[in-house]
Amino acid sequence: MTAYGTGRPLLTPVDQDGSRRSARLRRLGLGERADASYDSFDAFADRVAEVTATPFSMVNFIDENRQFFAGLHTPGGTASGADLGAAAAGSGHRRRHMARDHGYCPHVLERRKALVLEDVCDYPRFAGNPVVDDIGIRSYLGAPLIDRTGVALGTVCAVDTVPRPWGRAGLDVIKLLAREIVTQIEHREAFRP
């Protein structure tokens, strides 16, 4: 448990599968840097934002230490991560990294199932996360990306700066989108040299 300037506790789950996930991401050539080959992930994040009508959406790969937004949609449409504020580090494509203890995607990995937070402030475990104050995140909808080997590589998620009544429809949509991007990742693997 880590306390931040807000005085609220931050409870990020211990990563039980981090080394296995990191090795799998390396084999797939994912999670290290953004380049032109990641354009399809950005396009997918744009689609997630459109389908969910949210200002932020990500295709997020998580290693043992950090999160990497391979696909990123931001309100400014820059996909640079600059709109992620103080929670991200670097500039340009490098701004696609975030500390592992920021956000809710690490919880999705550990749960290995979708997470729906209509208002993050309703849950003490999630209300103290730095993304609440740093970015203004108030609602989250995410699902794990579990590949053919059974490894949860990361997540696909949509977030908003206002509470959202996601409901069952939101849950079904994010799970469908997760299956779709996993299919794209497996297709990418099949044609990787």
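**Note on the predicted model: sheet, cores and cavity**

1. Strands β8 and β9 run antiparallel and are joined by eight bridges. Strands count as paired if DSSP finds at least two bridges between them. Ser-139 stands opposite Asp-160 in β9. Five residues separate the strands in this hairpin, and Gly-150 there has a positive phi near 90°.

2. The model is predicted: local features need pLDDT of at least 70, side-chain atom pairs count only at pLDDT 80 or more, and totals for chains, interfaces and linings use all residues. Residues are numbered from 1 along each chain as its sequence is written, and side-chain values use heavy atoms, with hydrogens and water left out.

3. The protein has six helices and nine strands. These are DSSP runs numbered from the N terminus: helices are H or I with at least four residues, strands are E with at least two. Of the 193 residues, 50% are buried. Buried means under 20% relative accessible area, exposed means over 50%, and partly exposed lies in between (1.4 Å probe, protein chains only).

4. β8 also pairs with β7 (residues 115-117), antiparallel, through three bridges. Leu-115 has Gly-142 of β8 as its bridge partner. β8 is mostly covered, with seven of its eight residues buried.

5. The largest nonpolar core holds 27 residues. Such a core is a set of buried Ala, Val, Leu, Ile, Met, Phe, Trp, Tyr and Cys residues joined through side-chain atoms within 4.5 Å. Those with the most contacts inside this core are Leu-30, Phe-41, Val-59, Phe-61, Leu-145, Val-156 and Ile-185. At least two residues each come from α1 (18-28), α2 (39-52), β3 (56-62), β4, β8 (139-146), β9 and α6 (167-190). α6 gives the largest share, seven residues.

6. Val-59 shows how the elements meet. Beyond its neighbours within four places in sequence, Val-59 is in contact with Phe-41, Phe-44, Phe-68, Phe-69, Ala-70, Gly-71, Leu-145, Thr-155, Val-156 and Ile-181. Contact here means heavy atoms within 4.5 Å. Over the whole protein, 66% of the contacts with a separation of 6 or more are between residues 24 or more positions apart.

7. The whole structure contains one cavity of 30 Å³ or more. A cavity is a set of points, on a 1 Å grid over the protein atoms alone, where a 1.4 Å probe fits but cannot get out; lining residues have an atom within 4 Å of a point. Volume is the space filled by probe spheres set on the points, and points are joined across faces, edges and corners. Its lining has 15 residues, and Met-58, Met-98, Gly-103, Val-131 and Val-159 are the closest to the centre. β4 (66-73) and β9 (152-160) are the elements that give two or more residues to this lining.

8. The lining of the largest cavity has 12 nonpolar residues, three polar and no charged. Ala, Val, Leu, Ile, Met, Phe, Trp, Tyr, Cys and Pro count as nonpolar, Asp, Glu, Lys and Arg as charged, and the others, Gly among them, as polar.

9. Two loop residues other than glycine deserve a look. Ala-53 has a positive phi near 55° and sits in the loop between α2 and β3. Ala-53 is exposed, at 56% relative accessible area. Arg-112 has a positive phi near 60° and belongs to the loop between α3 (105-111) and β7. Arg-112 is partly exposed, at 38%.

Terms used. On a 1 Å grid over the protein atoms alone, a cavity is a set of points where a 1.4 Å probe fits but cannot get out, and a pocket is an open set with protein on both sides within 12 Å along at least five of seven lines; lining residues have an atom within 4 Å of a point.
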